[in-house]
Amino acid sequence: MFYVQAGASAFVDVSGISLTPTQIVVGVAAMLLAIIGYRIIIRIEGIVAYVMAANLLLLSLAAAFILPWGELWSNTNFTIVGFLAQFGASAAYQLAIAPMVSDYTRYLPAKISGAKVSLSVFSGTIISAIWISGFGSAVTSAYPKLDVISGIRELGDTFGFSLGSVTLLVSMFSCLITATLSLYSGSISLLSALEAFRPLKSGVVLRIWTLSIAGIVTLLIGLMLPSDLLETFAVYLTMLGYLLIPWTAVNLVDYYIVRRGRYSITDIMKPSGGIYGLWSWRGLVSWSLGLLAMIPFFSTSLYTGPIASALGGADISFAIGLAVSVTVYLITTRSVNLKAEMIEVGRAKLSTNSLAHNQHI
């Protein structure tokens, strides 16, 4: 929803067309692209990615020559509250793309190196997050009376060649593709969740229905959002981070410490859950306790916990959630019979062990 609104806002800033019809056009376009298919999305995304990288390089060059860097560096004021807020937003951004990464990897060659995939994802997200966040901070500081979109346009057009207006058009297409990917990824996650309760037969009709419903709901929510996109998006990222941090802690501990990457894919795909069961009470308890422990440390415009208030608004809930979820999960999984489980993993027709073996053949 935020990408639809951001893409529409960028186009509105250039064209002068009203926001609501532009949002509808962008939202419907994203929905139709998602329905058409994932492979065409990836091809278009590859082109847009190179165009956007070139555009960002030109904007960075413009910033290097135009922005008053001496004044900006002399006007620094570090606050722990601001640092923690930015850290939390960055962490939520990194966690939020995990489902998209998972969806994309299913289209990669079977023998591709897992280390290369991890390195590409890690370096790509880290570099882009630092680069774009730093650039956005500089533009916002240099043009305090403008919102970030208007500030970028002002910077680019001052540089020449209508770079600011071109940037907004590139941003619109980038947001459109990202919104498409989000719809596609979200629909897959929804179908995967529903399949835990009843078997589903994948097909064109099911995909069209799921994406259409998801697209319409997303568009309606986007139309109801307030005009202050950045503030709304910041709150959304924060709330998303609160939910994802204990979830990520459980996933990472299970993969790297408890089971060390050894799973029976055959059992995971069974409607009964196989050796893992339908529900992991250990994971659910660890996630729930981690989230509950975070509540007193929440710090948002919607709610600020008592401990966060005592800390002057500093949000350290991410550290609390990680610590509690990791500790609880490590304690509860001590009762798991991993030796017996690994025997079943070895017997499975499809497992992470067999996939790793095939990669080395």
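Author: A salt bridge is a side-chain nitrogen of Lys or Arg within 4 Å of a carboxyl oxygen of Asp or Glu. This is a predicted model: local features need pLDDT of at least 70, side-chain atom pairs count only at pLDDT 80 or more, and totals for chains, interfaces and linings use all residues. Residues are numbered from 1 along each chain as its sequence is written, and side-chain values use heavy atoms, with hydrogens and water left out.

Reader: By this rule, how many salt bridges are there?

Author: Side chains of opposite charge can pair when their charged atoms come close. Applying the rule gives a count of five.

Reader: Which residue forms a salt bridge with Asp 157?

Author: Look in helix 8 (residues 148-159), where the two partners are four residues apart and so about one helical turn from each other. Helices here are DSSP runs of H or I, at least four residues, numbered from the N terminus. The closest N and O atoms are 3.5 Å apart, and the partner of Asp 157 is Arg 153.

Reader: Are Arg 259 and Glu 341 buried or exposed?

Author: Their side chains meet in a salt bridge of 2.5 Å, N to O. The pair links distant parts of the chain, 82 residues apart: Arg 259 is in the loop between helix 11 (229-258) and helix 12 (265-268), Glu 341 in helix 16 (residues 338-347). Buried means under 20% relative accessible area, exposed over 50%, and partly exposed in between (1.4 Å probe, protein chains only). By that scale, both Arg 259 and Glu 341 are buried.

Reader: Which side chain has a polar contact with Asp 315?

Author: Asp 315 sits in the loop between helix 14 (306-310) and helix 15 (317-332). Asp 315 is buried yet has no salt bridge. A polar contact is a pair of N or O atoms within 3.5 Å; within protein, one must be able to donate a hydrogen and the other to accept it, and residues adjacent in sequence count only if both atoms are side-chain atoms. At 2.5 Å, the side chain joined to that of Asp 315 is Tyr 242.

Reader: Within what arc do the buried residues of helix 10 fall?

Author: The buried residues in helix 10 are Thr 210, Leu 211, Gly 215, Leu 219 and Gly 222. Seen down the axis, they line one face of helix 10, because their arc (taken from the directions from the helix axis to the C-beta atoms) is within 155°.

How values were computed. Helices (H or I, at least four residues) and strands (E, at least two) are DSSP runs, numbered from the N terminus. Lys and Arg count as positive and Asp and Glu as negative; His and the chain ends are not counted.
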